[in-house]
Amino acid sequence: METMGPMRIAENLLSDQTAALRQDFPILGRVLPQGQPLVYLDNAASSQKPAAVLQAMETYYRQYNANVHRGVHTLSEEATTAFEAARAKVARFIHAPTPRQIIFTRGATESINLVAYSWGRANLGPGDEVLITAMEHHANIVPWQILQEQLGFTLRHVPITPTGTLDLSQLEKVLTERTRLFCFVHVSNVVGTVNPVQQLVTAARAVGARVLIDAAQSVPHMPVDVQALDADFLVFSSHKMCGPTGIGVLYGKRELLESMPPFLGGGDMIREVTLQGSRWNTIPYKFEAGTPAIAEAIGLGAAVDYLTQVGMEWVHAHERALTAYAYARMAEVEGLQILGPGPEARGGLVAFTLKDVHPHDIAAILDRSGVAVRAGHHCAQPLHTELGVQASARASFYLYNTVEEVDALVAALHKTRQLFAGQKG
Amino acid sequence: MSDDLYREAILDYYKHPRHKGHLAAPDIRSHDHNPFCGDEVTVELKVVDGIVVDAAFDGHGCAISQATASMLMEEILGKTMEEIRAFDKEYILEMLGIEIGPVRLKCALLPLKVLKAGAYGLEEWPE
């Protein structure tokens with residue numbers, strides 16, 4: 001039960017610390033073309049980057065830019081050290097047993113594709129089932145659909161309730177002894193639902209299924225411990241957690257990663273190549289063919305340092321308070337309908353519809369007030385279909401967002417309401 | 001040109017669309033959608049001697065796409081198919097009287113795509 005009113009919640013936000021944090025993000029000082037300050041509430045799509053991340057990447061390019069893992073010269077050794085240090089930082093951040101279980105990919109999407117093409121092709125066939133949920137991002141649906149065509153397994157899904165939570169009463173029907181892999185999102189990028197990972201993993205174990213957790217919306221926002229979750233695979237992207245674009249992570253259990261065939265072939269992923277055949281490198285390199293995104297990995301390492309310094313518990317608490325405040329204030333707007341569960345059980349985002357106003361019109365009008373939100377189906381079209389809405393607008397928060405920014409959002413929503421007032425017919 | 005994407009006239013066409021619905025016996029009917037916004041537009045035309053004598057649209061989506069469709073239906077009454085085939089992006093922008101960024105341009109041009117597909121007898125306007 002929510003007992004605090006919106007104003008009490010607002011007072012409880014550590015606004016001094018937020019004000020100090022904002023200084024770390026150069027872009028937050030930006031003034032938009034029409035003179036308004038930027039109110040950036042599209043963090044679930046991509047977060048902003050602190051100066052420390054930009055600096056780390058620039059230092060690499062300016063002072064020790066070289067390829068990794070092969071050169072014997074000073075620059076290459078420095079680059080290799082920094083690149084591998086970033087891997088170790090990421091491993092500590094999510095409590096992976098060893099850095100070698102951190103595979104660098106281009107992002108969460110590529111991480112899922114890696115599992116599909118490597119583990120999937122080696123382990124799935126006719127008679128097998130892969131289970132997803134109706135609230136998955138397209139990245140956790142489409143790779144399985146593509147693979148299903150090739151391998152002939154069956155793809156099933158856990159339905160959702162009208163409030164946007166998994167319908168666990170149906171779990172027994174779709175999670176069977178034929179299920180080889182259960183892929184589910186940790187925190188929904190639309191309805192904000194925080195799924196009961198423990199319960200889902202336990203259920204998967206009971207039928208002998210592996211689990212893949214899409215943590216793209218959880219790792220940036222809350223403490224995540226891959227061992228406590230008992231994840232077989234867990235994926236996330238750097239650019240949603242203060243890091244650069246173009247890099248992401250696949251975490252996997254060691255014995256799984258070691259038994260899997262490579263994903264892409266090329267340099268760095270081999271131990272020995274002859275014209276007759278090749279032997280694969282050890283993990284993680286087996287899965288990292290070609291020159292990796294070195295500057296981006298170093299940037300991600302700096303982002304992890306930054307978030308660790310702020311403290312993920314604090315980030316989580318801040319977002320929860322801000323989301324509860326936003327939820328209460330937004331509910332006051334006439335005709336506004338929030339998708340998903342109540343504020344006590346959701347991540348730091350609020351997707352909504354406004355009666356008679358298309359989400360793209362909402363986003364365009366908010367933009368006139370400097371408020372950046374996302375509109376559309378947020379790469380989760382099946383979820384919108386299940387909820388019976390075509391599209392939605394979404395405000396998503398991060399560690400640097402403030403109560404004043406939520407107020408600016410709400411004011412702009414009232415303005416939108418007024419603009420579109422009047423009979424539609 | 002005004003830079004206000006939601007000038008009064010556009011909102012008025014959105015809230016009170018003209019020529020919305022269906023014709024009894026259309027000679028031309030075409031349809032398309034914009035996957036980005038989820039906008040959908042269907043256009044129906046009654047054509048006599050190569051001249052549009054009646055026009056209607058149906059659909060749903062953002063204010064830009066729906067208002068544009070409604071305005072366009074008014075514009076094409078009395079026009080020849082040849083004139084309609086010559087319509088282009090500039091024609092639409094001038095009709096709307098606003099500046100539109102590259103993302104929302106798709107919304108504004110959807111009704112034109114549908115209309116021209118119909119005028120050329122195509123199922124769908126090629127990308």
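Predicted model: local features only at pLDDT ≥ 70, side-chain atom pairs only at ≥ 80, totals over all residues.
Of the 127 residues of chain B, 39% count as buried. Among the contacts in chain B with a separation of 6 or more, 65% are accounted for by residues 24 or more positions apart.

Chain B also touches chain A, with 13 residues of chain B in contact with 14 residues of chain A. On the chain B side of this contact, helix 1 (8-15) and helix 5 (102-119) each supply at least two residues. The residues on that side of chain B comprise 8 nonpolar, 3 polar and 2 charged.

Chain A, for its part, is divided into domain 1 (6-30 + 311-419) and domain 2 (53-309), and the centres of these two domains, taken over C-alpha atoms, are separated by 28 Å. The contact between them takes 24 residues from domain 1 of chain A and 22 residues from domain 2 of chain A. On the side of domain 1 that touches domain 2, the elements of chain A giving two or more residues are helix 12 (312-330), strand 12 (349-354), helix 14 (381-387) and strand 15 (392-396); of these, helix 12 of chain A gives the most, with 5 residues. By residue type, this side of domain 1 of chain A divides into 13 nonpolar, 6 polar and 5 charged residues.

The largest nonpolar core has 168 residues, and those with the most contacts inside it are Phe182(A), Val235(A), Tyr251(A) and Ile298(A). Helix 11 (residues 294-310) of chain A provides the largest share of this core, 10 residues. Because domain 1 and domain 2 of chain A both give residues to this core, it lies between them. In soluble globular proteins, nonpolar side chains tend to be buried together. When the neighbours within four places in sequence are left aside, Val235(A) is in contact with Ala108(A), Ser111(A), Ile112(A), Asp214(A), Ala215(A), Ala216(A), Gly248(A), Val249(A) and Leu250(A).

A further element of chain A, helix 8 (residues 197-206), has Val197(A), Leu200(A), Val201(A) and Ala204(A) as its buried residues. These four cover an arc of only 95° around the axis, which puts them on the same side of helix 8 of chain A. On the other side of helix 8 of chain A, by contrast, Gln198(A), Gln199(A), Thr202(A) and Ala206(A) are exposed. The buried residues of helix 8 of chain A pack against strand 5 (179-185), strand 6 (210-214) and helix 9 (226-229) of chain A. Just after helix 8 of chain A, a positive phi of about 80° is taken by Gly208(A).

Conventions. Residues numbered from 1 in each chain as written. Chains lettered and ligands numbered in written order. Contact = placed C-beta atoms within 7 Å. Nonpolar A, V, L, I, M, F, W, Y, C, P; charged D, E, K, R; others polar. Core = buried A, V, L, I, M, F, W, Y, C linked by C-beta atoms within 7 Å. Buried ≥ 20, exposed ≤ 12 C-beta atoms within 10 Å, placed from the backbone. Domains from an automatic or database assignment. Arc of directions from axis to C-beta.
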